[in-house]
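Hi everyone, thanks for coming. Have a quick look at the picture on the screen, and then I'll walk you through it.

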Amino acid sequence: MIETLQSNFGHLFEEELLLEISKVGKHFNVNSGETLMELGSKVRNMPLLVNGAIKVFRLDDDYREQILYFLERGDTCAMTLNCCVANSQSEIKAVAEFDSELILIPAENMEEFLKYKSWRRFVFDSYNNRFSELLEVVDSLAFMKLDERLFNYLHDKALVNSNLLLEVTHNEIAMEMNTSRVVISRVLKKLELEEKIKLHRNKIEVLEL
DNA sequence: TCATTAACACGGG
DNA sequence: CCCGTGTTAATGA
């Protein structure tokens, strides 16, 4: 585990902290599509994402989803951070975008790690990054038309997958964006006519980033 | 005006 | 045949 930490977080944390994390951290692997965190579940660990990507969703009262953002290597989940500090329940749902590798740090260690400058920096930066991503989501929901939002989604998905050819169905997108398949199909068709994407069965090709 | 729901046809695997 | 896709019509916000 210490090697994993060194290669992925060595640039962020000092050696001493890496060692401490390796003592209390737990290695954790998830398969693509697996749910890491359910709405309302108790949060006792804070994840460090070593490899892969995680989708973070907000759910409404009827458990309909709205995707918020993707987490990538080197990220942590600020919502989880929040919950660990407050010892509260999860406000979000997290699903693995593809096979991913995490290191879980028990909540009780978080505070003592604050004696490390690099840890304070990391926590602070994570809040910053998530906060601005969240603002972008607010902008997107409040001001953008669905065609822009949809292209944004495809764009982000292409980036985290490092692949312009996305294996996703119209229905899956509709679920993640909390709308209906009819609408997604229609807007995708429009984006295709604008030559921003190309549609295939079960696949969508992003033509511009 | 634009989303949702239901319904239907088409076609690839 | 099953599922994903493209479309339409009716209804509602």
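Helices (H or I, at least four residues) and strands (E, at least two) are DSSP runs, numbered from the N terminus.

Before going on, some housekeeping. This is a predicted model, where local features need pLDDT of at least 70 and side-chain atom pairs count only at pLDDT 80 or more, while totals for chains, interfaces and linings use all residues. Residues are numbered from 1 along each chain as its sequence is written, chains are lettered from A and ligands numbered from 1 in the order in which they are written, and side-chain values use heavy atoms, with hydrogens and water left out.

Okay, back to DNA strand C. Helix 8 (181–193) and strand 9 (197–200) each supply at least two residues of the surface near it. The residues surrounding DNA strand C include Thr169, His170, Arg181 and Arg201. Of the DNA strand C atoms within 4 Å of the protein, 50% are sugar and phosphate.

Now for some polar contacts, which are pairs of N or O atoms within 3.5 Å; within protein, one must be able to donate a hydrogen and the other to accept it, and residues adjacent in sequence count only if both atoms are side-chain atoms. Which part of His170 lies 2.8 Å from a phosphate oxygen of DNA strand C? That's a backbone N or O atom.

Sugar or phosphate makes up 46% of the DNA strand B atoms within 4 Å of the protein, and bases make up the rest.

Let's zoom out. Chain A has 8 helices and 10 strands. A compact globule of 209 residues would have a radius of gyration near 17 Å, and chain A agrees with that at 18 Å. That radius is taken over C-alpha atoms, and the globule rule is 2.2 Å times the number of residues to the power 0.38.

Then there are the sheets. Two strands pair if DSSP finds at least two bridges between them. An open sheet of 4 strands runs in the order 2-6-4-5, with antiparallel pairing. Strand 2 (35–37) and strand 5 (65–72) stand at the edges with a single partner strand each, so one side of each has no neighbour in the sheet. Strand 2 pairs with strand 6 (residues 93–96) over 2 bridges, and there Thr35 stands opposite Val95.

Another open sheet has 3 strands in the order 1-7-3, also antiparallel. Its edge strands are strand 1 (26–30) and strand 3 (45–51). Strand 1 and strand 7 (residues 100–106) are joined by 5 bridges, with Lys26 opposite Leu104.

Key: Near = heavy atom within 4 Å.
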